[in-house]
Amino acid sequence: MATAVIEKRTARISSSTGDSIARLVTFVFAALVLLISLLLVYELWIASAPSRHKLGWSYLSSSEWNPVSEQFGALPFIYGTVVTSVVALLVSIPLGVGAAIFLSEMAPAGVSNALTFLVELLAAIPSVIYGLLAIFTLVPLMRSYGEPFLKKTLGFLPLFKGPAFGVGFLTAGLILAVMTFPFIISVSRESILAVPRDQREAALALGSTKWETTWKVVVPYAKLGIIGSIFLGLARALGETMAVTMVIGNDPSIHASLLAPGYSIAAVIANEFTEATGSVYPAALVELGLVLFCLTIVINGLARLMIIATTGKGTKR
Amino acid sequence: MFLAWRKFVNNVMLGLTGVCTLITVSALFLILGYLVYNGTSSLDLNFFTKLPLSPGETGGGMANAIVGSIEIIAVAALIGLPIGFIAGIYLSEFEDKGFAPLVRYTADLLNGVPSIIIGILAWALVVVPMKHFSGLAGAIALSVMLIPIVTRQTEQFLREVPMSLREGALALGASKWKMIATVAVPAGSKGILTGMILGVARIAGETAPLMFTSLNNQYWGGMNQPTATLPYMIYSHAISAYDDWHRQAWAAGLVLIVIVLLANISARFVLARGISVPRG
Amino acid sequence: MKKFPVALLGLLTVSVAVGTAQQITAAGATFPAPIYQKWFGEYHNAHPDVQVNYQSIGSGAGIQQLTSGTVDFGASDMPMTNDQISKVKVHPLHFPTVMGAVVPTYNVPGVSQELKFSGEALAGIFLGTISKWSDAQLAKDNPGVKLPNEDIVVVHRSDGSGTSFIWTDFLSKVSPQWKTKVGANTSVSWPVGLGGKGNEGVSGTVKQTPFSVGYVELIYAAQNKMAYGAVKNSAGQYVKASLDSVTAAAAGAAKSMPADFRVSITNAPGKDAYPICSFTWMLIPSSFPDAKKAATVKSFLQWMLTDGQKDAPGLDYASLPKEVVAQETKQIAQIK
């Protein structure tokens with residue numbers, strides 16, 4: 001007994017130094033992650049100081065972007081970022097939720113898994129390749145067929161006035177929609193699958209058709225997860241750079257028409273960062289980055305809260 | 001009567017969901033199809049072996065961009081994979097009250113940050129002090145994107161190792177760190193490796209953070225000089241007016257997507273699970 | 001994970017081996033990019049240990065990168081202002097390299113004749129006051145040509161551009177309305193239009209967009225076989241951009257070139273002069289920390305002023321007048 005106790009004690013002593021080292025090392029690396037994030041916020045804050053001090057809060061409400069007179073306003077870029085994201089969601093939510101319903105309720109498990117896998121591959125495709133495709137395939141299609149069609153049918157709305165450039169808010173929104181499909185489909189599908197069987201069976205037992213069960217019982221039950229997936233898709237769309245830069249038209253103004261060219265926050269930073277001279281101009285661009293950063297934090301945070309609430313798999317995202 | 005209507009609605013709506021699925025899945029095939037159609041005709045030996053020529057001259061290639069991308073990704077992986085891996089171990093095995101949730105939160109935060117903002121960070125931290133663009137700056141930008149992905153994946157898969165396995169090792173007298181090294185990590189290695197592959201595949205396609213860190217180069221670059229990279233070449237060639245450059249952009253796009261998709265598919269076969277990695 | 005260090009070592013050795021070549025980084029104007037890239041390629045063939053990596057990212061970016069010290073020298077089609085010069089640690093010297101023309105390139109399906117543009121027409125199009133191809137002003141400039149009743153798609157630069165400066169400088173001289181409303185600079189607040197990145201982006205957009213008009217350096221329109229119009233000069237003649245018309249425009253400036261080489265030749269006098277052209281400059285720091293680099297740059301400049309000039313006509317740039325070459329050769333000695 002005594003020997004066993006002594007052995008245990010000595011074992012604990014020698015292992016505790018090894019463990020302390022392991023704890024220290026892993027702690028340091030974890031702290032590194034924290035440090036990088038803090039550094040990011042710090043840099044964004046400091047580097048945008050010249051612009052913040054000069055322009056103050058009017059930066060967020062002004063539409064003027066004039067590097068010569070050093071008057072900058074974020075409004076056209078916030079507008080462009082929001083409009084393209086909204087267009088993207090308007091297209092991808094019905095398609096995405098519809099596909100998620102099909103994949104979770106209708107398709108047999110094997111088919112469902114295979115198709116979901118394929119859709120998730122869409123998330124792996126780099127943004128610049130979406131842009132490449134958009135320039136040479138989507139833009140000419142929109143210019144020659146899509147936009148003239150919209151003008152003919154819905155041209156009385158201010159949303160669809162103006163020449164058909166091919167590039168612009170609408171095209172950028174459409175390519176963003178394709179990029180958000182995988183997020184909405186994947187997470188919505190999981191949320192729907194997580195709905196307990198008895199909910200469905202109860203509805204069916206009461207005489208509902210499959211569609212009624214799905215639409216009136218299952219989907220509302222999975223509502224939070226689906227909304228969470230929409231927020232995830234939104235966060236992605238807001239920060240998207242390359243695909244948008246290549247098809248939005250690069251015009252820093254606010255237009256009512258979806259057919260008009262515009263600009264997004266990420267696109268203007270990409271285009272103008274290397275040439276921003278002086279001290280206010282680059283700071284104004286970094287301040288735009290700060291605005292975008294805050295937007296994505298908020299949206300991502302909301303998304304995660306909702307997903308945790310339904311699937312309980314918050315750690316996954 | 002009413003039942004017939006409800007049945008009709010049922011069939012129509014369910015049919016529509018099938019259509020939605022068809023549309024979304026076909027997007028993938030359309031993308032691949034276009035790339036293969038336009039890219040294969042442009043792939044030739046020159047593409048892989050020659051340096052880019054001035055616009056208007058044919059016969060150039062993107063050899064420097066391919067090598068540049070490989071170099072930058074390799075360095076980014078060298079920096080990012082160990083940091084992410086060890087930080088993930090901390091979060092799963094040693095989590096301290098208060099600190100661990102903070103690290104977890106900031107890792108998720110970094111994950112959601114748009115890549116162009118990471119580019120700004122790397123520019124401020126590396127390009128400005130070094131006073132020139134470099135492959136190293138690009139690699140650091142990419143590693144910052146890699147770290148949160150690997151951290152969370154490592155943590156997640158370590159957590160899924162059953163407690164019984166761990167307790168078995170501890171009961172046999174192993175110290176905690178020995179248990180982690182010899183039992184927990186090997187048990188979770190499939191998932192951890194998948195996370196690493198997916199992370200590297202994701203940064204391989206990133207363009208925005210490279211735009212003001214590694215910039216571009218007509219010749220061979222390196223860690224200490226501006227370097228050509230495949231994604232940036234695709235961008236600059238696609239927006240130009242030269243048909244030869246468009247051709248090369250398609251070829252480069254095809255090469256890039258083949259690499260990225262192969263990595264993704266093989267990673268998922270390693271894991272046999274469907275988990276997408278959110279991108280910003 | 002084990003393979004990484006080995007592969008990395010291999011790649012690093014390659015980059016080190018290659019890195020012993022002297023690499024000079026330069027960035028700036030897209031306007032002269034085609035000839036710069038030809039020059040650097042030829043110079044590299046003649047001197048294999050010298051590699052000049054020129055990134056055509058726009059005059060604005062060139063000036064900025066020079067100011068922040070991230071490149072060895074810059075390039076711009078707009079001479080630096082006194083304010084910009086004061087912000088650079090090492091005083092930059094302007095070296096004109098070639099003269100080029102900015103042309104209005106257009107894509108109007110159905111019109112095969114060459115179009116003519118007066119200054120008023122161009123100003124109106126870019127101000128947005130002339131919005132259709134069938135406008136009266138355009139009909140006046142082009143009698144007998146049937147122009148379609150389509151919206152004009154205007155394409156301008158989205159990045160800070162010396163080409164934009166040359167264009168807006170001309171528009172400011174011919175249109176008082178443009179001068180007050182927009183002005184002349186590398187980056188202006190464009191009233192209408194799409195933005196393209198670089199001369200490459202603008203020519204790409206015009207080429208793919210029917211009924212569009214944009215402004216690009218002559219070689220971009222020529223290389224891509226795009227139509228470009230003649231412009232009315234200060235003598236009332238419609239002149240198309242060419243080596244002769246650009247040389248004619250520079251004739252006056254050559255005799256009275258200022259010591260720092262900062263001069264504008266838009267809307268130059270003379271009946272054969274093309275009104276929208278300019279010198280383009282390399283912005284070279286007057287001293288380099290590395291003596292070897294300084295020597296390399298000086299010998300390149302020497303080569304550029306003699307052998308390099310022979311390449312200009314082949315790419316539709318006008319070579320420098322001999323008075324200017326002589327003056328520049330003296331300036332090379334100022335580099336330390």
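**Figure 1. L315(C) is buried, with 20 other C-beta atoms within 10 Å.** A residue counts as buried if 20 or more other C-beta atoms lie within 10 Å of its own, as exposed if 12 or fewer, and as partly exposed in between, with C-beta atoms placed from the backbone. The model is predicted: local features need pLDDT of at least 70, side-chain atom pairs count only at pLDDT 80 or more, and totals for chains, interfaces and linings use all residues. Residues are numbered from 1 along each chain as its sequence is written, while chains are lettered from A and ligands numbered from 1 in the order in which they are written. L315(C) sits in the loop between α12 (291-306) and α13 (322-332) of chain C. Helices (H or I, at least four residues) and strands (E, at least two) are DSSP runs, numbered from the N terminus. Which residues does L315(C) contact, leaving aside its neighbours within four places in sequence? They are P34(C), I35(C), K38(C) and I219(C). Two residues are in contact if their C-beta atoms, placed from the backbone, lie within 7 Å. V188(C) is 127 residues from L315(C) along the chain, and the C-alpha atoms of the two are separated by 29 Å.

**Figure 2. Chain C has 13 helices and twelve strands.** Along the principal axes, the C-alpha atoms of chain C fill a box of roughly 65 × 55 × 35 Å. Of the 336 residues in chain C, 54% are buried. Take the contacts in chain C between residues at least 6 apart in sequence: 72% of them join residues at least 24 apart.

**Figure 3. Chain C meets chain B through 27 residues on each side.** Six elements of chain C give two or more residues to this side: α1 (3-19), β1 (22-28), α2 (33-46), β2 (50-56), α9 (198-208) and α10 (218-223). Which element gives the most? It is α1(C), with seven residues. By class, the side of chain C that touches chain B has seven nonpolar, 16 polar and four charged residues. Here Ala, Val, Leu, Ile, Met, Phe, Trp, Tyr, Cys and Pro count as nonpolar, Asp, Glu, Lys and Arg as charged, and the others, Gly among them, as polar.

**Figure 4. Chain B is built with ten helices and zero strands.** Its C-alpha atoms fill a box of roughly 75 × 70 × 30 Å along the principal axes. Buried residues account for 59% of the 280 residues in chain B. Among contacts in chain B with a separation of 6 or more, 74% are between residues 24 or more positions apart.

**Figure 5. In chain B, α8 (residues 176-204) packs with α10 (residues 243-271) at an angle of about 170°.** The two axes are 9 Å apart. Axes are lines fitted to C-alpha atoms, for helices over the stretch in contact, and angles run from 0 to 180 degrees between N-to-C directions. α8(B) and α10(B) are therefore roughly antiparallel to each other. Angles under 35 degrees count as roughly parallel, over 145 as roughly antiparallel, 65 to 115 as roughly perpendicular and the rest as oblique. The crossing of α8(B) and α10(B) is left-handed. A crossing is left-handed if the near helix is turned anticlockwise from the far one by less than a right angle, and right-handed if clockwise. L193(B), I197(B) and L198(B) are among the contact residues of α8(B), and those of α10(B) include I259(B), V260(B) and A263(B).

**Figure 6. Chains A and B meet through 81 residues of chain A and 77 residues of chain B.** Helix α1 (residues 2-47) of chain A gives the most to the side of chain A that touches chain B, with 19 residues. That side of chain A divides into 51 nonpolar, 20 polar and ten charged residues.

**Figure 7. In chain A, α8 (residues 197-205) and α9 (residues 210-221) pack at about 155°, with axes 10 Å apart.** The pair α8(A) and α9(A) is therefore roughly antiparallel. Their crossing is right-handed. Q199(A), R200(A), A203(A) and L204(A) of α8(A) meet T213(A), V217(A), V218(A) and Y221(A) of α9(A). Five of the contact residues are nonpolar, two polar and one charged.
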